[in-house]
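Student: I have the sequence and the model open. Can we work through some of it together?

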Amino acid sequence: AGTGKFFVGGNWKANGNKESVSKLVKELNDAKLEEDVDVVVAPPYIYLDSVLNTLTKRIEVSAQNSWVGKGGAFTGEISAEQLKDLGVQWVILGHSERRHVIGETNEFIGKKSAYALNNGLKVIACIGELLEEREAGKTTQVCFEQLKAYADAVPGWKDIVIAYEPVWAIGTGKVASPQQAQEVHAEIRKWLADNVSAEASSQTRIIYGGSVNAANSAELATQEDIDGFLVGGASLKGPDFATIVNSVT
Ligand code: PEP
């Protein structure tokens, strides 16, 4: 099992408007959150500044993406320097929607992670297999290739949280069973020990994502190598997200 603090992230994706975002911020400000948990939310870019200015400092703020290098003539992109300037602490990289809908490659995601880390952001580094890859018995192979692309690029692992998110479980309501998740988390931890260091293996948080909700988080949290969650849909409701945070064991 890992030695890191329990970590729960909320990925708001491209959801919400000014009104619903301020309602969610109010719910989160009012929520009672267990102390021993790192809590992070990732609003859409356009709401980052207002969330940073209104959300309790108890919760840290993440972007959902960042540009692969120094800012400049890259229409529509946001640079790591700009995120730092705003006060953003984290960035989600390698999310399956960016891999499989937008077409980002392992190598590009590795480069983005290195750039973000070198510019003072912490990274929620996502990995995970497609349904057909799981059915073909390729789950660990795919996850290890994705991990290697991060490992080949990043300067170190102390500011990285790994999110294992099987693609078939994201936004589908089909959650991995606690055993299925634990099995892959243990493989990831072993991969870190074999390919990075004993320290990275024990200290890196490995969180699970894929249809986590207020009703299933407690059981998932009992698994030895599950160090927290990355939550999509259920992070849009403050009380449900607080329940997930408080499922720390
Ligand atoms: C996610 O996109 O990171 C995610 C886990 O989504 P959901 O919780 O909605 O499956």
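This is a predicted model: local features need pLDDT of at least 70, side-chain atom pairs count only at pLDDT 80 or more; totals for chains, interfaces and linings use all residues.

Student: Is the crossing of α7 and α8 left-handed or right-handed?

Tutor: Look at where the helices meet. From α7 come Thr-139, Thr-140, Cys-143, Phe-144, Leu-147 and Ala-151. From α8 come Val-184, Glu-187, Ile-188, Trp-191 and Asn-195. The crossing of α7 and α8 is right-handed.

Student: Among the residues that meet in α7 and α8, how many are nonpolar?

Tutor: Sort the contact residues by class. One is charged and three are polar. The number of nonpolar residues is seven.

Student: Asn-195 is in that contact. How far is its C-alpha from that of Leu-147?

Tutor: Asn-195 is found in helix α8. It is partly exposed, because 13 other C-beta atoms lie within 10 Å. Leu-147 is 48 residues away in sequence. In space, C-alpha to C-alpha, the distance is 9.8 Å.

Student: How do α5 and α7 lie relative to each other?

Tutor: Helix α5 covers residues 106–118, and helix α7 covers residues 139–153. Their axes are 8 Å apart, at an angle of about 40 degrees. Therefore α5 and α7 are oblique.

Student: Which residues of α7 make the contact with α5?

Tutor: α5 passes α7 in a right-handed crossing. On the α5 side, the contact is made by Asn-106, Glu-107, Ile-109, Gly-110, Lys-111, Ser-113 and Ala-114. By class, the contact has five nonpolar, four polar and four charged residues. The α7 residues are Glu-145, Gln-146, Ala-149, Tyr-150, Asp-152 and Ala-153.

Student: Is Lys-190 buried, exposed or partly exposed?

Tutor: Lys-190 is found in helix α8, residues 178–195. Its C-alpha is separated by 6.9 Å from that of Ser-201, 11 residues along the chain. Because it has 13 C-beta neighbours inside 10 Å, Lys-190 counts as partly exposed.

Student: What is the phi of Lys-13?

Tutor: Most residues other than glycine have a negative phi. Lys-13 has a positive value. It lies in the loop between β1 and α1, and counts as partly exposed because it has 18 C-beta neighbours inside 10 Å.

Student: Where does Gly-87 lie?

Tutor: Gly-87 is exposed, because 12 other C-beta atoms lie within 10 Å. Leu-52 is 35 residues away in sequence and 7.3 Å away in space, C-alpha to C-alpha. Gly-87 lies in the loop between α3 and β4.

Student: How far apart in space are Asn-53 and Gly-87?

Tutor: Asn-53 is found in helix α2, residues 45–54. It is exposed, because 10 other C-beta atoms lie within 10 Å. In sequence, Asn-53 and Gly-87 are 34 residues apart. C-alpha to C-alpha, the distance is 9.6 Å.

Student: Which residues are closest to the ligand?

Tutor: The ligand is surrounded by 13 residues. They divide into five nonpolar, seven polar and one charged. The closest are Ile-170, Gly-171, Gly-209, Gly-232 and Gly-233.

Technical notes:
Residues are numbered from 1 along each chain as its sequence is written. Axes are lines fitted to C-alpha atoms, for helices over the stretch in contact, and angles run from 0 to 180 degrees between N-to-C directions. Helices (H or I, at least four residues) and strands (E, at least two) are DSSP runs, numbered from the N terminus. Angles under 35 degrees count as roughly parallel, over 145 as roughly antiparallel, 65 to 115 as roughly perpendicular and the rest as oblique. A crossing is left-handed if the near helix is turned anticlockwise from the far one by less than a right angle, and right-handed if clockwise. Two residues are in contact if their C-beta atoms, placed from the backbone, lie within 7 Å. Ala, Val, Leu, Ile, Met, Phe, Trp, Tyr, Cys and Pro count as nonpolar, Asp, Glu, Lys and Arg as charged, and the others, Gly among them, as polar. A residue is near a molecule or strand if its C-beta atom, placed from the backbone, lies within 6 Å of it. A residue is buried if 20 or more other C-beta atoms lie within 10 Å of its own, exposed if 12 or fewer, and partly exposed in between; C-beta atoms are placed from the backbone.
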